[in-house]
Amino acid sequence: MTEHRPSTLSRRRLLSGAGKAAAAGLLAPALAAPLLSRPAFAATTATGAAGGILKVGDQRSTIRSLLEASGQLKDVPYTLEFADFPAAAPVLEALNAGAIDAGFAGDAAHAFALSNGLPARIISAARSDPGCIGLLVRKDSPIRTVADLKGRTITAVRGSIGHYLVVAALKANGLSVNDVTLAFLQPTEAKSAFSSGTVDAWAIWTLYVAQEVVAGTGRVLVDGRGLLNNNAFISATDVAIAQKRPLLQDYVARVAAARIWALGNVEQYARIWGVLVKVTPEIAVAAFKLERFRPVAVDDGIIADLQTTADFYTGIGVIQKPFTAAAHADRSFALDAGLLAQSARAG
C-alpha cells in the first residue's frame, strides 16, 4: 500500500510564531529530561517480604496522583519509583530502552511502538470516554466544521491518539490527510504553536483539552466519539515480567482500585492531581470528567480494539510493519472479578 505523505511543516517554522523566548525552552529534546534526570517522584516504603524496586513511567502524574489520592501508596511492600513524562511516546521510548519496568500509555501510541518492536507486553487495561480526545480550534476561529479544515494546518503528536482522530475525522467528512498540512509536535510545542496562531487546529487529549476550554481560548471542533476507541494500557518489559511478576501484579491491582475510587471521588482526586500538574481545581475536575477511565480486563474486546487501531495506522502508512495485537498481551495479570464488577457499575 502506498504511504500517504501529507504536507508537513518544519519545527523551526512552526515555533517561530511563538517568539524566540518561548521557542528556546521548547526545542529541548522531548526525551532528554525524563531519561537523564532522576525520577520525578520516588515513593519509598519499608521493604517488606516482597522487596525489590519497580520503576514505572507516568504521564503528567496521572497514575501517581491516583495512587496517592486513593491511599494506594500506603504499605507498598517494595520500592515504587515514578518517572513522569509529558506524553505517551517518551514513556514507551523509556520502556523500549529498559529505563523503566512498566509504563502507562494509550492504545494508539502502543500500536505504533509495538509495531516497531517494543520489547514489552500489555498487562493491564482501562477504557475511557473517547470524548476526551478533541480536535481544537481557537475560540474566535472561523473554522466551524471539519470540512473547513481543508487547506489548513493541524498539529498532533505523530502516532498518538490525536493523530488518529485527525485522520478519522477527515475521512468521515470526505477528506484525507492530503487535504491538510500536518505538523507533528509534542504537546508543549503544539500548545505554543496553537496559541500563537501558527497552526489552525490542534488534536490533543484530556488535560490539554480542559485547559483550553475552561480558559476560553479554544473550542472542540470534533471529539473522538464514534471515531475511535480510547483505551490505555500498562505495559511491562519482558525482563520485568520474568523477574518482577509479584510487584507488577500488585501494582496493576493498586492502580485499578485507585481508578475505581477516583470515579466516586472526583473532586477529591482532582484537587491532588491539579496540584501535581499545576492546574486549577476547575481544570482538573473538567479533565477527569471528560476522561473517566475505568479498569477492564485484558480480554478479547480489548485486543480487538488494539488490532483495529493497528490496522487503521497500517492502512494510512503510519505503521510500516503490520502485527498481531494478541501476541503483545499477557492476560495472566488478571484483576479480581469483584473489582471488575465494581468498575463496570462505576463506569
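1. In this predicted model, the charge of R158 sits over the face of F184, 5.4 Å from the ring centre.

2. One aromatic cluster is formed by F194, W202, W205 and Y208. Both F194 and W202 are buried.

3. Aromatic pairs deserve a separate point. A pair of aromatic rings is described by the distance of the centres and the angle of the planes. The count of such pairs comes to 10. One of them joins Y164 and Y313 in an edge-to-face arrangement, with 5.6 Å from centre to centre and 65° between the planes. This pair links distant parts of the chain, since Y164 belongs to helix α7 (residues 161-172) and Y313 to helix α14 (residues 300-315), 149 residues apart. Y164 counts as buried because its relative accessibility is 4%, under the cut-off of 20%. Y313 is buried as well, with a relative accessible area of 0%. For F194 and W202, the ring centres are 5.6 Å apart and the planes stand at 50°, so this pair is tilted.

4. Which residues of helix α5 are buried? In this helix, which spans residues 88-97, they are A88, P90, V91, L92, A94 and L95. Just after α5, G98 adopts a positive phi of about 80°.

5. Helix α5 returns in the description of the largest pocket. The volume of this pocket is about 710 Å³. Its lining comprises 41 residues, and those nearest the pocket centre are Q59, A87, A88, A89 and A109. Two or more lining residues come from each of α5, β5 (102-106), α6 (107-115), α9 (206-215), β12, α12 (266-277) and α13. The largest share, six residues, is supplied by α5. By class, the lining of the largest pocket divides into 25 nonpolar, 11 polar and five charged residues.

6. Rolling a probe the size of a water molecule over the atoms shows where empty space is left. The structure has two cavities of 30 Å³ or more. The largest cavity holds about 70 Å³ of space. Its lining consists of F104, S124, A125, A126, A232, F233, I234, V252, V255, A256, R259 and P295. At least two lining residues come from each of β6 (120-127), β12 (231-237) and α11 (245-264), and α11 gives the most, with four. This lining has 10 nonpolar residues, one polar residue and one charged residue.

7. What volume does the second largest cavity have? The value is about 50 Å³. The residues around this cavity are T62, L66, R259, Y269, F288, E291 and F293. Helices α4 (62-70) and α13 (281-291) each contribute at least two residues to the lining of the second largest cavity. Its residues divide into four nonpolar, one polar and two charged. Helix α13 is also among the elements that give two or more residues to the lining of the largest pocket.

Terms used:
Residues numbered from 1 in each chain as written. Predicted model: local features only at pLDDT ≥ 70, side-chain atom pairs only at ≥ 80, totals over all residues. Heavy atoms only, no water. 1 Å grid on protein atoms, 1.4 Å probe; cavity = no way out; pocket = protein on both sides within 12 Å on 5 of 7 lines; lining within 4 Å. Points joined across faces, edges and corners; volume = space filled by probe spheres on them. Nonpolar A, V, L, I, M, F, W, Y, C, P; charged D, E, K, R; others polar. Phe/Tyr/Trp six-rings, centres within 6.5 Å; stacked < 30°, edge-to-face > 60°. Buried < 20%, exposed > 50% of the residue type's maximum accessible area, 1.4 Å probe, protein only. Lys NZ or Arg CZ within 6 Å of the ring centre and 35° of its normal.
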